[in-house]
Amino acid sequence: MNDGASAIASEKFVADGDARVRIGTWRRFAVVGLIVLAAALPFGLSNYQVFELTQVMIYAIAVLGLNILTGYNGQISLGHGGFFAAGAYTAAVLMHRYGVPYWATLPPAALVGFALGLLFGLPALRFEGPYLALVTLAMAVATPQTLKYFSWTGGNQGLNLAKPAAPPGLGIDRDRWLYLFVFVILLLAIRIAANLLNGRTGRAWMAIRDHPIAAAAMGIDTARYKTLAFGTSTLFTAVAGALSAIVVGFVAPESFSLFLSVSFLVGSAVGGIATIAGGIIGGFFIEFVPNFANDISDAAPWAIYGLAMLLFMYAMPRGVVGSFGPLVAWLRARSGRAAAVSEVSALSTNAKPRQTSQGRLE
Amino acid sequence: MHLFLQQVFSGLASGAIYASLALALVMIYRATDLVNFAQGEMAMFSTYIAWMLVNAAVPFWAAFALTLVISFIGGMIIERVVIRPVENAPVLAAVVVTIGLLLIFNALAGWLFTYTLQEFPSPFPDRPLFGALLTSRDLGVIAVTLVMLALLFVFFRFTTIGLAMRAAAQNPASARLCGIRVGRMLTIGWGLAAAIGATAGIMVAPILFLDPNMMGGVLLYAFTGALLGGITSPVGAVIGGLIVGVTENLVGTYLIASQLKLTVALILIVIVLVFRPNGLFGTAIVRRV
């Protein structure tokens, strides 16, 4: 995990340093190009493919939320499916019972996610590492049956929602409208996450992850920042849940089983746990791999998830994005365009801070 | 009153099963600081092995013993091949790897044995005892657990290898200096934990019926028991498991619908961690900087 951290640190250093202008302009072109491409993409695809890509983006937001907590703050959650469900049900109940328009359900869902995260983050201050994993695992397991128990959630049957129509006058159909709607939210989410993580808050989170005691000694209010990380993370995931309820048009307890929470963790591990862009790779993985695997056998999605987890932890613990980031930096350094970069990345590959004696009985 | 006592005794029987699995968890935690999320699925897989043996007309207790041996070897192989590489990795890597193991075992069982419920024979007759206070099956489960505990106590107290394992868990560096092969002790520890888990699986299968998702709830209760007793204390794990079993039954009978049983476990875990993070019998964790 720490290796991922140093990679990020080095990238940040680069952005702050001398090479900023050159890298910045090229990057900006690439980003704008990508955004235009992604916005135009649904017009060349079938309805079902558009729906699938919309799901990918929703999962990307959820995984991004998990990355903020686990990757950048070092708190493990196996229960983000529960927060995803909280967002989905907030949107569904508001739409179904109170006739709230779909777009207006996002702020309440965000609020519910944030509040639940704070509530959960407070006791989580006392648990570390495996303990937190345990509590959140228990939450993931308990989510479906809690949802079934209450009547206002629609019990076992869940709630059916009317699929929102595209605004008239735009001349696009429902699926493409929802794609663009989710796409805008995804861009917003990435922007907010990047700003948070590159700023004071993000640095505090990473400092706590890398060395909680040193962070506290530097004057960081660890309890406050850890709770805040929890709330922010679950806010992202709850918004993703609300989007999923809107796009799928249906919520039911069994969709929010342990498998969903594990999916987020797998997506996070595959994409790169301490990266922002890793969420998108994770989203693709979660959406498409189980579908393909289902054609082989019922058991295959679990098996492939399990194998992916083992393989990535052994061979590529920083995930796809986390592993390619340093590679790109290295290539850039080799081309001799930014001498400063090579120095920094060399530093970051040699100096690997190791966390020791954490919670170990001495 | 009669209903109350009945529920307490049947709670003790399921508690004994949770206690066994909790004990397996604690053994691994003490030795490696690692919570094995795959413990339940490993036990489930062992139970399928026992089921295959019983179906192949092997007498029950022979199948039981054979399964324990196979699980012991399987547990050792898992430690050697899968766990060793992440032994000193950050917590997250270890958690992800054991969750991955959980998924693989679950999928493997589903693929090999299908997801249909299988009936699993109980070695004990189902007769009411002592004025229907408890059944002979409950008594049998409790007896098997007690025998296993006694054997483990003797093993860790009076045998050289048991003492060496305790030393390796308590202070790996000093143990190594005394000539104890710490790595080998960890491997044996995983084997033992797998065998203990297999016992729990075989005891619970006649009650829950056998399917690949059988151990999900049981594992959660076992975790709760281990935390309640203090995750560093084997005695605590057993007592914690029993308390959880009885609580689960009483709460389910008197307070709330049984669909919320798992939610009760979650609330119990949070309460324990907030008010007594070291559990009832655990030692406080001291961290040096």
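From the N terminus on, the elements of chain B follow the order α-α-α-α-β-β-α-α-α-α-α-α-α, which amounts to eleven helices and two strands. The radius of gyration of chain B is 19 Å, close to the 19 Å that the globule rule gives for 289 residues, so chain B is as compact as a globular protein of that length. The model is predicted, and its scores are ipTM 0.79 and pTM 0.81.

**Overall form of chain B**

- Along its principal axes, the C-alpha trace of chain B spans about 60 × 50 × 35 Å.
- Of the 289 residues in chain B, 51% are buried.
- Among contacts in chain B between residues at least 6 apart in sequence, 74% join residues at least 24 apart.

**Confidence**

- Chain B has an average pLDDT of 82, and 93% of its residues score at least 70.
- For chain A the average pLDDT is 79, with 84% of the residues scoring at least 70.
- Within chain A, confidence is highest in helix α10 (residues 222–248), at a mean of 92, and lowest in helix α15 (residues 339–350), at a mean of 40.
- Residues 1–21 of chain A have a pLDDT below 50, and this stretch has 48 contacts in the model beyond near neighbours in sequence.
- Over residues 338–362 of chain A, pLDDT also stays under 50; the model has 44 contacts for this stretch beyond four places in sequence.

**The interface between the chains**

- In the model, 43 residues of chain B are in contact with 45 residues of chain A.
- On chain B, the helices α4 (91–113), α9 and α11 (261–275) each supply at least two residues of the side that touches chain A.
- Helix α4(B) provides the largest share of that side, 16 residues.
- By class, the side of chain B that touches chain A has 34 nonpolar, six polar and three charged residues.

**Packing of α6(B) against α8(B)**

- Two packed helices are described by the angle between their axes and the distance between the axes.
- The axes of α6(B), residues 160–170, and α8(B) come within 9 Å and cross at roughly 105 degrees.
- From α6(B), the contact is made by Ala164(B), Met165(B) and Ala168(B); from α8(B), the residues are Val182(B), Met185(B), Leu186(B), Ile188(B) and Gly189(B).
- The contact of α6(B) with α8(B) has seven nonpolar residues, one polar residue and no charged residues.

- Ala24(B) lies in helix α1 (residues 2–32) of chain B.
- With 30 other C-beta atoms within 10 Å, Ala24(B) is buried, because the threshold for a buried residue is 20 or more.
- Leaving aside neighbours within four places in sequence, Ala24(B) is in contact with Gln39(B), Ala193(B), Ile196(B) and Gly197(B).
- Ala24(B) and Gln39(B) are 15 residues apart along the chain, and their C-alpha atoms are separated by 7.6 Å.

**Loop residues of chain B**

- Most residues other than glycine have a negative phi.
- Ala57(B), although not a glycine, has a positive phi of about 65 degrees.
- The position of Ala57(B) is in the loop between α2 (39–55) and α3 (60–83) of chain B.
- Ala57(B) has 7 other C-beta atoms within 10 Å and is therefore exposed, as the limit for an exposed residue is 12 or fewer.
- Phe209(B) also has a positive phi, near 70 degrees, in a residue other than glycine.
- Phe209(B) is placed in the loop between α8 (182–208) and α9 (215–229) of chain B.
- Phe209(B) is partly exposed, with 13 other C-beta atoms within 10 Å.
- Pro125(B) is found in the loop between α4 and β1 (128–129) of chain B.
- Pro125(B) counts as exposed, with 9 C-beta neighbours inside 10 Å.
- The C-alpha atoms of Pro125(B) and Ser136(B) are separated by 6.3 Å, with the two residues eleven residues apart along the chain.

Methods. Residues are numbered from 1 along each chain as its sequence is written. Chains are lettered from A and ligands numbered from 1 in the order in which they are written. This is a predicted model: local features need pLDDT of at least 70, side-chain atom pairs count only at pLDDT 80 or more; totals for chains, interfaces and linings use all residues. Helices (H or I, at least four residues) and strands (E, at least two) are DSSP runs, numbered from the N terminus. Two residues are in contact if their C-beta atoms, placed from the backbone, lie within 7 Å. Ala, Val, Leu, Ile, Met, Phe, Trp, Tyr, Cys and Pro count as nonpolar, Asp, Glu, Lys and Arg as charged, and the others, Gly among them, as polar. Axes are lines fitted to C-alpha atoms, for helices over the stretch in contact, and angles run from 0 to 180 degrees between N-to-C directions. pLDDT is the predictor's confidence in each residue, from 0 to 100. The radius of gyration is taken over C-alpha atoms; the globule rule is 2.2 Å times the number of residues to the power 0.38.
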